[in-house]
Amino acid sequence: MSAGATLISASVRLALLCYATTVAGQLLGCREKWLRILWTIGCGLFLVHVAAAFHFVHNWSHQAAVQTTAAETRQLLGIAFGEGLWFSYAFVLLWLLDTIWWWTAADNWRRRPRALHITLHSYLLFIAFNGAIVFEAGPTRFVGILVTPLLLLLIFLRLRKSRTHTGTQL
């Protein structure tokens with residue numbers, strides 16, 4: 001495996017590990033300071049992944065990335081959908097904006113509407129799931145298949161606890 005390919009795969013694996021660990025930590029009520037640092041490291045690693053993929057695979061060409069995405073979706077789903085790359089761009093942007101918000105206005109970030117928090121993480125988890133399980137193979141898929149149900153279980157338990165304590169529904 002080339003140095004570029006190693007950087008691409010290692011950075012995304014570590015970024016997704018940071019993502020999952022941060023979400024699990026939030027659900028378990030771990031200390032926010034360390035979660036915010038881990039969230040930031042994960043976001044930075046994902047930016048490294050994107051930059052490395054554009055540098056080593058796509059030669060900084062959006063069109064080449066669209067063509068690669070189309071070929072991958074055709075191979076996996078039978079439909080060429082290069083525009084799916086925009087969902088990945090949204091993932092990067094949302095993670096980056098959330099990270100900046102958490103650092104620059106933490107009190108406001110903590111008070112954001114629950115629906116916004118749930119919507120954001122639903123999208124991020126959906127894209128991470130697809131990236132780690134649907135479009136990946138080998139150890140990344142295996143770990144994704146283990147981690148996803150664990151995160152969903154933690155979410156379920158947290159929602160259940162929230163309803164019990166407040167007497168309200170989502």
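I count Ala, Val, Leu, Ile, Met, Phe, Trp, Tyr, Cys and Pro as nonpolar, Asp, Glu, Lys and Arg as charged, and the others, Gly among them, as polar. The model is predicted, with local features needing pLDDT of at least 70 and side-chain atom pairs pLDDT 80 or more, while totals for chains, interfaces and linings use all residues. Residues are numbered from 1 along each chain as its sequence is written, and side-chain values use heavy atoms, without hydrogens and water.

Entry 1, largest pocket. I took a pocket as an open set of points on a 1 Å grid over the protein atoms alone, where a 1.4 Å probe fits, with protein on both sides within 12 Å along at least five of seven lines; lining residues have an atom within 4 Å of a point. I found a volume (space filled by probe spheres set on the points, joined across faces, edges and corners) of about 1,200 Å³. The lining has 36 residues, and His49, Glu72, Ser88, Gly131 and Phe135 lie nearest the centre. By class I noted 22 nonpolar, eleven polar and three charged residues.

I looked up its contacts (heavy atoms within 4.5 Å). Leaving out residues up to four places away in sequence, Tyr19 touches Trp39, Trp95, His121, Leu124 and Leu125.
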